[in-house]
Structure formats: structure tokens, C-alpha cells
Amino acid sequence: MRRVTLEQGGPVLVEGPVEVRLDDGRTVTSDRFMVALCTCRRSRTYPWCDTSHRRRSRPASDDAPRPGEGRRGDSR
């Protein structure tokens with residue numbers, strides 16, 4: 001049995017080795033013990049994840065300083 005792990009906002013992790021059939025009919029393989037499959041389609045090495053999903057900006061939380069601002073109570 002293969003183990004598959006879904007990472008929120010990230011790749012699908014699959015215990016390898018794996019064979020992936022692409023939508024154009026080609027098949028790609030990896031002999032690695034753990035494979036990260038891209039789900040955002042930003043990867044330059046698709047279907048393998050190259051962490052391109054990390055480059056998008058994340059919404060700032062209410063407590064986080066915004067660019068040009070210090071933390072609340074900061075005297076800058």
C-alpha cells in the first residue's frame with residue numbers, strides 16, 4: 001500500500017517510487033523514496049513540486065506589522 005499525504009497549500013506527498021501519467025498521455029517516473037507532486041501548476045519541473053507555491057504572498061494577520069510599520073506599541 002502506498003501512503004499519500006495532502007499538504008494544505010502545498011504538494012501531494014507520495015511514497016515512491018512512482019509513475020505518473022500526464023494529461024497529454026506521457027508517463028514520467030521517479031525512483032525517490034518520497035515524491036512531491038505539484039498541485040498549483042507553478043512548478044517549472046511539473047508534475048514534480050519545486051516549491052514555487054511558496055512564492056505567492058500570504059495575507060497578513062492583524063497582529064503582523066505591515067511594510068513600513070513597526071509592531072503595535074513600537075516607537076518608530
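This report looks at the fold, the core and the cysteines of a predicted model.

## Overall fold

The chain has zero helices and five strands. Read from the N terminus, its elements run β-β-β-β-β.

Contacts across the sequence can also be counted.

## Surface and burial

The chain has 76 residues, and 22% of them count as buried. Its accessible surface comes to about 6,600 Å². Carbon and sulfur atoms hold 45% of that surface.

## The nonpolar core

In soluble globular proteins, nonpolar side chains tend to be buried together. Here the largest nonpolar core has eight residues. They are Val-12, Val-14, Val-18, Val-20, Leu-22, Val-28, Val-35 and Leu-37.

Look at Val-35, one of the core residues. Leave aside residues up to four places away in sequence. Val-35 then touches Val-12, Leu-13, Val-14, Gly-16, Val-18, Ser-30 and Trp-48.

## The cysteines

How many disulfides does the structure hold? The count is zero. Cys-40 is in no disulfide, and the nearest cysteine sulfur, that of Cys-38, is 3.9 Å away. A disulfide needs two cysteine sulfur atoms within 2.5 Å.

Is Cys-40 buried, partly exposed or exposed? Cys-40 counts as partly exposed because its relative accessibility is 28%. The partly exposed class lies between under 20% for buried and over 50% for exposed.

Methods:
Residues numbered from 1 in each chain as written. Predicted model: local features only at pLDDT ≥ 70, side-chain atom pairs only at ≥ 80, totals over all residues. Heavy atoms only, no water. Buried < 20%, exposed > 50% of the residue type's maximum accessible area, 1.4 Å probe, protein only. Helix = DSSP H or I, 4+ residues; strand = E, 2+ residues; numbered from the N terminus. Areas by Shrake-Rupley, 256 points an atom, 1.4 Å probe, with all protein chains shown as cover. Core = buried A, V, L, I, M, F, W, Y, C linked by side-chain atoms within 4.5 Å. Contact = heavy atoms within 4.5 Å.
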